[in-house]
Amino acid sequence: MQENRDFIVPGALVKADVRSGQYIGEIVEVNGPRAVFKVLAVLKHPEQGDLHHPYNPDVAMFHERKALSYTEKTNVLLRDVKPFEGDVPDYNASLQEAVAAQIAALDRLMRWSARGLEILKELRKEYK
């Protein structure tokens with residue numbers, strides 16, 4: 001089933017997934033299966049580490065991924081573009097919110113992991 005992509009025209013405000021981040025931006029140009037996308041705000045900060053080995057800190061290269069810059073242009077696949085309705089937030093404020101959300105999610109995961117490790121160590125004593 002072909003998805004309707006009529007909203008992907010130059011000047012349109014859209015959301016786009018770029019690598020592991022998500023942004024609000026403007027379509028600058030459409031070229032076949034791709035579009036040139038100009039970043040205006042950050043919805044989700046890119047994830048850190050090796051995307052092929054998630055949650056593994058012991059990889060050969062633990063990647064640092066910065067968010068795309070304000071008005072930076074990048075090519076995106078049309079399949080990764082969705083319509084955006086509403087007001088575009090300030091780039092700097094959206095970047096700070098996205099980083100804070102990513103930090104909170106990792107902190108929660110770290111606390112969950114520590115709690116699970118603590119419980120498993122206690123259970124291991126019982127299993128002897």
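This is a predicted model: local features need pLDDT of at least 70, side-chain atom pairs count only at pLDDT 80 or more; totals for chains, interfaces and linings use all residues.
**Stop 1: the whole chain**

Switch to a cartoon view and follow the chain from the N terminus: the elements run β-β-β-β-β-α. That makes 5 strands and 1 helix. The chain is more spread out than a compact globule, because its radius of gyration is 19 Å, well over the 14 Å that the globule rule gives for 128 residues. If you turn the model along its principal axes, the C-alpha atoms fill a box of roughly 65 × 35 × 30 Å.

Of the 128 residues, 28% count as buried. Colour by charge next, and you will find 18 positive and 19 negative side chains, with the centres of the two sets 6 Å apart.

**Stop 2: Y70 and Y91**

Select Y70 and Y91 and show their side chains. How many aromatic pairs does a search of the whole structure find? The search finds 1, and you are looking at it: Y70 and Y91 form a tilted pair, 5.7 Å centre to centre with 50° between the planes. Y70 sits in the loop between β3 (34-44) and β4 (73-77), while Y91 belongs to helix α1 (residues 91-126), so the pair ties together parts that are 21 residues apart in sequence.

Y91 counts as buried, at 10% relative accessibility.

**Stop 3: H45**

Stay with the loop between β3 and β4 and select H45, which is also placed there. H45 is buried because its relative accessible area of 12% falls under the 20% cut-off. Show what lies around H45: leaving out residues up to four places away in sequence, H45 touches S20, G21, R65, K66, A67, L95, A98, V99 and Q102.

**Stop 4**

Select Y55, in the loop between β3 and β4. What is phi of Y55 near? Phi is near 65°, a positive value in a residue other than glycine. Y55 counts as exposed, at 72% relative accessibility.

Then move to T71, which lies in the loop between β3 and β4. Phi of T71 is near 65°, again positive in a residue that is not glycine. T71 is partly exposed, with a relative accessible area of 32%.

**Stop 5: R34**

Finish in strand β3 by selecting R34. With a relative accessible area of 38%, R34 is partly exposed. Which residues is R34 in contact with, leaving aside neighbours within four places in sequence? They are N75, V76, L77 and L78.

Last, draw a line from R34 to A93: the two are 59 residues apart in sequence, and their C-alpha atoms are 28 Å apart in space.

How values were computed. Residues are numbered from 1 along each chain as its sequence is written. Side-chain values use heavy atoms; hydrogens and water are left out. Helices (H or I, at least four residues) and strands (E, at least two) are DSSP runs, numbered from the N terminus. The radius of gyration is taken over C-alpha atoms; the globule rule is 2.2 Å times the number of residues to the power 0.38. Buried means under 20% relative accessible area, exposed over 50%, partly exposed in between (1.4 Å probe, protein chains only). Lys and Arg count as positive and Asp and Glu as negative; His and the chain ends are not counted. The place of a charge is taken as NZ of Lys, CZ of Arg, CG of Asp or CD of Glu. Rings of Phe, Tyr and Trp (its six-membered ring) pair if their centres lie within 6.5 Å; planes under 30 degrees apart count as stacked, over 60 as edge-to-face and the rest as tilted. Contact means heavy atoms within 4.5 Å.
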